[in-house]
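Let's walk through how to read a model like this one, feature by feature. Take a look at the sequence and the 3D view before we start.

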Amino acid sequence: MSDAPESAPDQPDPGTETPRRPPPGSLDVSGLVRAVRRRADLSQRELAQKAGVAVSTVGRIEARRLVPTVAALERLLALAGLALVAVDERYVLVEPQRDVPRDGMRDGAGRRYPAHLDVIVQPGSGEWWGYKYGLAGPPETYHRSRAYRDNQRRRLQWETRVKQFRTARRPLTAEEWLRRHPEEG
């Protein structure tokens, strides 16, 4: 018997390269519910009682004749200590977009700003399209040009993760981008 610590069966041996997993595919709800029953050691009837759903619902889910609501699926998963999450193609957890406290990010008409836009609070000189027409600035705004916004996001990622992007070309600064694309300014 050796004194070397045993590696866990699901962990790769140190020094070996971890095999690349395929990108996430479609969600196999039926398989998940069966895995929940196995982990929690519950029959369909017991699972249904604990989750607050009909026994026939569990059977129909497992038979792929019913897709449960997200709330029902979350209740079923919770019984085995599991949670429903979203991951990107690299299996990095995608965090939900948080609401601004007290419903703070609304435009003058009381509408939420679109979720895909980066809101600029207290826009500075040149950050709002109306400044070039002499209009008074709003308390918040966003850049309308998708190309500009995408460049800014790439730049921010590059700046915060310089070690990862050491070999990548430095994205344009906002000023450089606007010089190359004056029609967007």
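This is a predicted model: local features need pLDDT of at least 70, side-chain atom pairs count only at pLDDT 80 or more; totals for chains, interfaces and linings use all residues.

**Reading the surface, the core and the pairs**

Q: Let's start with a single side chain. Does R90 count as buried or exposed?

A: The general idea is a scale of relative accessible area: buried is under 20%, exposed is over 50%, and partly exposed is in between (1.4 Å probe, protein chains only). R90 comes out at 58%, so it counts as exposed.

Q: What is the average pLDDT of the chain?

A: pLDDT is the predictor's confidence in each residue, from 0 to 100. Here the chain averages 77, and 69% of the residues score at least 70. Residues 1–16 have pLDDT below 50, and beyond near neighbours in sequence this stretch makes 2 contacts in the model (a contact means heavy atoms within 4.5 Å).

Q: How many helices and strands does the chain have?

A: Elements are read as DSSP runs, numbered from the N terminus: helices are H or I with at least four residues, strands are E with at least two. This chain has 6 helices and 2 strands, in the order α-α-α-α-β-β-α-α from the N terminus on. Buried residues make up 23% of its 185 residues. As for contacts with a separation of 6 or more, 38% of them join residues 24 or more positions apart.

Q: Which residues touch the most other members of the largest nonpolar core?

A: A nonpolar core is a set of buried Ala, Val, Leu, Ile, Met, Phe, Trp, Tyr and Cys residues joined through side-chain atoms within 4.5 Å. The largest one here has 14 residues, and V33, L47, V58 and L76 touch the most other members. At least two residues of this core come from each of α1 (29–40), α2 (44–51), α3 (55–62) and α4. Follow L76 for an example: leaving out residues up to four places away in sequence, L76 touches V33, V36, L47, A51 and I61.

Q: Which residues are buried in α3?

A: T57, V58, G59, I61 and E62. The buried residues of α3 pack against α1, α2 and α4. Y91 is in the loop between α4 and β1 and counts as partly exposed at 29% relative accessibility.

Q: How many salt bridges does the structure hold?

A: A salt bridge is a side-chain nitrogen of Lys or Arg within 4 Å of a carboxyl oxygen of Asp or Glu. The structure holds 3.

- D28 and R64 pair at 3.0 Å, N to O. D28 is in the segment before α1 and R64 in the loop between α3 and α4, so this pair ties together parts 36 residues apart in sequence. D28 is partly exposed at 37%, while R64 is exposed at 56%.
- R37 and E62 pair at 2.5 Å, N to O. R37 sits in helix α1 and E62 in helix α3, so the parts they tie together are 25 residues apart in sequence. R37 is partly exposed at 22%, and E62 is buried at 12%.
- D88 and R90 pair at 3.5 Å, N to O. D88 counts as buried at 18% relative accessibility.

Q: Which residues form a nonpolar patch on the surface?

A: Patches are made of residues with over 30% relative accessible area and no salt bridge; like charges are joined within 9 Å, nonpolar side chains (Val, Leu, Ile, Met, Phe, Trp, Tyr) within 5 Å. Areas come from the Shrake-Rupley method with a 1.4 Å probe, and for residues only the protein chains shown count as cover. The patch is V85, V87 and L93, with about 240 Å² of accessible area together. V85 is in the loop between α4 (70–78) and β1 (119–121), and it's exposed at 53% relative accessibility. Zooming out, the accessible surface of the chain comes to about 14,400 Å², of which 51% belongs to carbon and sulfur atoms.

Terms used
Residues are numbered from 1 along each chain as its sequence is written. Side-chain values use heavy atoms; hydrogens and water are left out.
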